[in-house]
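Here is my note on the model, written as numbered points for a colleague who has the coordinates open.

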Number of protein chains: 8
Amino acid sequence: MADLGFARLDLDRAVRTGDPEVVFGAGKTPEQISAALARLCQAHPTRAVLATRVGEEARARCRETLPGADIDDVGRTVTLGPLPAPRGRVAVVCAGTSDLPVARECATTVAVFGAEPDLVVDVGVAGLHRLLAERDRIAAADAVIAIAGMEAALPTVLGGLCGAPLIALPTSVGYGWHLDGLTAFLTMVNSCAPGVVTVNIDNGFGAGVAAARVARQSVRS
Amino acid sequence: MADLGFARLDLDRAVRTGDPEVVFGAGKTPEQISAALARLCQAHPTRAVLATRVGEEARARCRETLPGADIDDVGRTVTLGPLPAPRGRVAVVCAGTSDLPVARECATTVAVFGAEPDLVVDVGVAGLHRLLAERDRIAAADAVIAIAGMEAALPTVLGGLCGAPLIALPTSVGYGWHLDGLTAFLTMVNSCAPGVVTVNIDNGFGAGVAAARVARQSVRS
Amino acid sequence: MADLGFARLDLDRAVRTGDPEVVFGAGKTPEQISAALARLCQAHPTRAVLATRVGEEARARCRETLPGADIDDVGRTVTLGPLPAPRGRVAVVCAGTSDLPVARECATTVAVFGAEPDLVVDVGVAGLHRLLAERDRIAAADAVIAIAGMEAALPTVLGGLCGAPLIALPTSVGYGWHLDGLTAFLTMVNSCAPGVVTVNIDNGFGAGVAAARVARQSVRS
Amino acid sequence: MADLGFARLDLDRAVRTGDPEVVFGAGKTPEQISAALARLCQAHPTRAVLATRVGEEARARCRETLPGADIDDVGRTVTLGPLPAPRGRVAVVCAGTSDLPVARECATTVAVFGAEPDLVVDVGVAGLHRLLAERDRIAAADAVIAIAGMEAALPTVLGGLCGAPLIALPTSVGYGWHLDGLTAFLTMVNSCAPGVVTVNIDNGFGAGVAAARVARQSVRS
Amino acid sequence: MADLGFARLDLDRAVRTGDPEVVFGAGKTPEQISAALARLCQAHPTRAVLATRVGEEARARCRETLPGADIDDVGRTVTLGPLPAPRGRVAVVCAGTSDLPVARECATTVAVFGAEPDLVVDVGVAGLHRLLAERDRIAAADAVIAIAGMEAALPTVLGGLCGAPLIALPTSVGYGWHLDGLTAFLTMVNSCAPGVVTVNIDNGFGAGVAAARVARQSVRS
Amino acid sequence: MADLGFARLDLDRAVRTGDPEVVFGAGKTPEQISAALARLCQAHPTRAVLATRVGEEARARCRETLPGADIDDVGRTVTLGPLPAPRGRVAVVCAGTSDLPVARECATTVAVFGAEPDLVVDVGVAGLHRLLAERDRIAAADAVIAIAGMEAALPTVLGGLCGAPLIALPTSVGYGWHLDGLTAFLTMVNSCAPGVVTVNIDNGFGAGVAAARVARQSVRS
Amino acid sequence: MADLGFARLDLDRAVRTGDPEVVFGAGKTPEQISAALARLCQAHPTRAVLATRVGEEARARCRETLPGADIDDVGRTVTLGPLPAPRGRVAVVCAGTSDLPVARECATTVAVFGAEPDLVVDVGVAGLHRLLAERDRIAAADAVIAIAGMEAALPTVLGGLCGAPLIALPTSVGYGWHLDGLTAFLTMVNSCAPGVVTVNIDNGFGAGVAAARVARQSVRS
Amino acid sequence: MADLGFARLDLDRAVRTGDPEVVFGAGKTPEQISAALARLCQAHPTRAVLATRVGEEARARCRETLPGADIDDVGRTVTLGPLPAPRGRVAVVCAGTSDLPVARECATTVAVFGAEPDLVVDVGVAGLHRLLAERDRIAAADAVIAIAGMEAALPTVLGGLCGAPLIALPTSVGYGWHLDGLTAFLTMVNSCAPGVVTVNIDNGFGAGVAAARVARQSVRS
């Protein structure tokens, strides 16, 4: 372990679980985030480290202090170091453009955790023709992440169209009495399509980790 | 009004709103239900009266005491007297066979309230091909009732496929943490398809009344 | 479809469902809203396009860049292009002056979707004489939208006074433990008046679409 | 105090608060209820004692063992001993016949606690003419109890029609997603009519106590 | 009625219900509040009018434009015109100093609605000796308002100590998982003291109206 | 460990934590409960073992097959073997007689876990004189358990009267909208008396274990 | 498809998704369940079909009418026809013996859907030594299902011990205020271990399908 | 008592309950907090007084006006006067660094209330080795406070490892649908480890008071 004063960094996680190091940016100062990334990268120069939920000010600091960092202003992530060679492909499917920040966090996580993300945007079920046009591409993936807010019908429709492991990811996108995404969450947990599993609202990181673990151990594609 | 001892029957409703008389059977004894139907029919021999939520024992009594009554054991309704000539057609679309009791109560209500019900069963969105096969039939109706439990994605998919007035009817069919139909209800209220309206859980009667009112004043078909 | 960079606009919706194009303004920048309206109007110069939930800054931009636009600062809508000739009339009835923003969004939607809105304001049930004075005007409409917050008794009272299709629209107006409009929503969903249907809280757009679809296919009035 | 083995009876309450003794029957055996009434009556032969929530079996036992008891099978109450001379009048107003058990418990409580109950039944707001016909009778009472289930609009309408102290009493009568009376409760707590106060769901006893206390100290009528 | 452009003022309420005119300040501009008070006072120069929920800026404007107005910065009320001669006394009892804003709004409402408020502060049940010291003063009032947040035990303890009509008024004062006052509300609605009635959270106005109506028709004291 | 076929009994718990063995009876058959008790007693003949939530049929079987067992039909517990010599005293204080089953389970647990229970019944806060009469006895205990349902004001009042460690135990006793004891639970968690800790609803066993652990390590009394 | 009168059986699912046919037994009669199994088996004699949530009476009928059926009285499943050769191994890990019915349904589903289930029972986190003893066996599986009720800490502890895809399965086992398993559900959805995914409460079937799909496409073990 | 104008300070609490005086800083101005501390310290110069929930501005003022005050910027507490000699030791155990503010408030409270706090940080259950390394130190304390947010598994694991009185303290640390700490709260209340008691979310003060009371009367260590 390495002690930065404000946190003890676990430098040996990859040995134990095969996963990379991650800095959860929410509630940390810009200085803490960039320092943690720098220290982790120094310890493991040959593989990527990831920071999620990185605010605007912290991304600016990373731009200054971490040359070579890959910074996504939509998904609010910062990646440092070379991505692993991808094993398996994960389809990251997203109902509306408002879900894009969650989808981008999710896709980046997939890449850092060792699989290839394939982002399919704006295929909500209220316009079925758009979804059906992408059916084969989605069904051929090693794992599928279905992202939706509002009434969140997407995972159920997808579950009837393909047999790959399917992770439903609810977002807090909605209006009126949608309970900050709980409606989407409930819809997904009650899907009549068998085998759908769910993560917490807006948890693009969690869905990405789960899907990457599935994809990188697959021989399906 | 007519006083039966246990209730004051409103014999003049049709004059005021154009709607038939209805006996809500829940919480009433078999004797009370059959007596109320008989008295209403006597007052208005030329048009149908309806009883809903009629339990097994009460349906048996109606079979004995009300010759000519039309009794639906699945939808738990009893109809007495001639149905009105239908104006307009209502598509009553239903996701699963478990939703059938609610769908039948709904269809009978549509008929008694003066429109033609058209029951389309077992077209859940987890098997899209079945729904797409019925698309034109549904889209041509004067009003559509979309019935679903569990994750209740049906109204959203239907809302993207047709432009007729669409009433979503959630049912309490589900397993685990589905909150007795609240999940379906929430999904419908948050549908991303514009113009979807909703009634209470399992309220086949309410949806039927609303749809019949729309259909019988329509010139669409 | 037309690709604006930040969204794919669906230019063919009217062909499929008979409905106009709409820009949902929440979460979009002023530039995005005005550009979307301009592009939609260019594609369909002969009919109106609508933007809802347009904030103060975006309305200012539309005033500058879209000469001829009809801008409602209370209902927060922007309309561009000629309104369709109205078919049928929709009574938009509203319990209190606090409900006016929702009522105005609703009335504008009715007009853009092809029916005539008739706004009846400040007829809450705590002062019954005001409501009874407007009874005949409301009952003669092809569809009625009953808007209320707080305890939301209006749709039930209206439902007993007239037989037209009735859409209840709850608002988030209230004080103390009113759950951001859930109280009004629950009241409406549990109305003892038969045939009342409901939309989500503050969803003036949704209620307007539903009512316009009913009214424009009616031969009632 | 008197010790019956299973309970310590408070024989001196009337001295402290001016209220009679009450046996809450729920969860007590028929023997316990009849014994408690007998013992209380023996201690205070000149005034009435009341038992509420008395089940069918316990009412049968009271009929056998307590000659002279006044037993209400609808309101599930047993009264023993002479009622006090009433001071003031309480209008007990009730929306539907399903609310009658609660209304009867309420009216009996009013009488035992020293005021005159005046029961007005079946005046729900979906049929306004029935309520308006009883307006003057209700407005002239010293206190008003407005009882309703479902959407519970009655207290708000009554609150706009009369200025007497008004207690709203929600009942668990309803269908679908009505949350065992919580809908009615919420409606009443959020009433836009000023000065409405509320008791717990189905708490006819509590509303009756409150109203009787108000009425018996009034000089209004 | 008088039309101010932004509202129709009801100038005849006192005739119908015996209550004064009130301006609910929440959601109104400083100009609207002061104009409404001025207009009402002009119509009824001989009796008080009240504005509640008046924000800091609006109170400043009232200080400038309404000489003679009585302005309470704690209770956020503005009163204009002579108070009515009080009939009856209302004990306004309050558990903690944090409840003072609600208690002051309540006391002012009592006075404007025609009874004498008697404010008893800081007598929470965690220090019983303070409450017991005020027992006789409270028990002798014509009506009692028990105000409390957090666990809200005060009304139950008071209900065992005195027999006057008792209105429980929950406040949103609390920490951690107190649900913005719902905890206090639930405690009060479930009080084991008979006859306790409740108003909405922080609704000092509503409790004051109810108590004043009771007190001014009483002959108790 | 000992394998009974249907469960692996942990025979060494006392060594690790100093606590006795316990059989949680809910969901087990009468045969399973009596066999588990017999087996545990055989392994540890010198100290008591406890079964909680033992239904009527299972208690009957224990009466037959376990001579010498101490069976409490109110608290639904079965104790087998000699109680430990008590260290410290726990006041088990209970608001109403309806709370007695929970209080008895709690007191028996205290005894089996090595402290002396002192049961104080029927001292609800709506009759303060009864509680104040027992004040010194309660305050002198090494730990206090305050048991209450409904509005659950008891722990707050007790917390202001004594300084011993105080555990609040909510019960599901209540009527109307009390949410199966959640009201009592919320009241206790939000108590304004400092240092009050809480266990789950009706969890007499848990409160007893916690209090006994405190009392048996105390030198207070 | 095959029409049995009461249901349309989908005989071609395996072709589309690679999954076997399943009969969901809840809400079906014993006759319907055994008939559906017989018909499906006749159509696909070379592979297994599964019925879940099969009640006692229906299992008895299957024993009579379906010789060769594999019937699990704990997991309430019926399997007919030869299991597929397993690809991959799924560790089905379960906190307490009360969770066994869900765990057994889950394990049988895994087997029918083509992977090898490995059931590890009674390793709750309150006795860590038992869980640590099974650590290597669990970590080596291709997928892990962590089953727990009550406070449901198991998935989080497991997530820190192994890196395989991990599905959390909450059960409704609990006491007091556990909300029928919602507590366990919430715990799992909020796990601080990355990559944990969740299914609905008691949904052993859903977790089994998801895990089998992952395991059978894996090259991990 | 001492009257400061804005509050009545209770100067005699220590005599009655043995506890020190505390100023709850939330909702008080910087001037009020520093004045209250100064006045309490003047009355009891020989023992410590504590202020909790002290905001940044108020801590600055205390730094200026109260020389000798001990100010904790993380735990947001201010302590004035000499700490009492500690009796007994309290292990304050904390799952993550985000829980530190609550843990520090808790530890300071323990010290001011007369016991020795022993802070053990960053021992979450997702990394069991860190927790097991501190096991003996924790188990030897007179009382244990287990602090955790998110899924809050820590108290259950600790409860299986040691037999000391254990207080669970949930924090509002979490992401997505964690309900502001309710998830952690529910987990703790439903812990399968016997004898765990709980305080409100983020209530470090309450847990500290309870633990100090237990520890200072203990002879365990």
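This is a predicted model: local features need pLDDT of at least 70, side-chain atom pairs count only at pLDDT 80 or more; totals for chains, interfaces and linings use all residues.

1. In which helix of chain A does A:Arg213 lie? A:Arg213 lies in helix H9 of chain A, where helices are DSSP runs of H or I with at least four residues, strands are runs of E with at least two, and both are numbered from the N terminus. With a relative accessibility of 5%, A:Arg213 counts as buried, the classes being buried under 20% relative accessible area, exposed over 50% and partly exposed in between (1.4 Å probe, protein chains only).

2. Residues are numbered from 1 along each chain as its sequence is written, chains are lettered from A and ligands numbered from 1 in the order in which they are written, and side-chain values use heavy atoms, with hydrogens and water left out.

3. Leaving aside residues up to four places away in sequence, A:Arg213 touches A:Asp19 in its own chain and G:Gly163, G:Ala164, G:Pro165 and G:Pro194 in chain G, contact meaning heavy atoms within 4.5 Å. The interface of chain A with chain G takes 27 residues from chain A and 27 residues from chain G. A:Pro194, A:Arg213 and A:Gln217 supply 26% of the area that chain A buries against chain G, more than any other three residues.

4. Together, chain A and chain G bury about 2400 Å², of which 57% is on carbon and sulfur atoms; buried area here is the accessible area (1.4 Å probe) that two parts lose on being put together, summed over both.

5. On the side of chain A that touches chain G, the elements giving two or more residues are helix H1 (13-17), helix H8 (182-189), strand S11 (197-198) and helix H9 (204-216). The largest share, 6 residues, comes from H9(A).

6. How are chain A and chain G related? A rotation of 180 degrees with 0.0 Å of shift along its axis superposes chain A on chain G, with an RMSD of 0.0 Å, the superposition being by least squares on the C-alpha atoms of residues with pLDDT of at least 70 in both. The two copies are thus related as by a two-fold rotation axis. Of the residues of chain A, A:Ser218 comes closest to that axis, at 2.2 Å (C-alpha). Moreover, 100% of the interface residues of chain A are also interface residues in chain G, so the copies meet through the same surface.

7. For chain B and chain C, 27 residues of chain B are in contact with 27 residues of chain C, and the two chains bury about 2400 Å² between them. The count of salt bridges is 0.

8. In chain A, 8 of the 8 residues of helix H7 (residues 154-161) are buried, so this helix is largely enclosed by the rest of the structure. Among the buried residues of H7(A) are A:Leu154, A:Pro155 and A:Gly160.

Key. A salt bridge is a side-chain nitrogen of Lys or Arg within 4 Å of a carboxyl oxygen of Asp or Glu.
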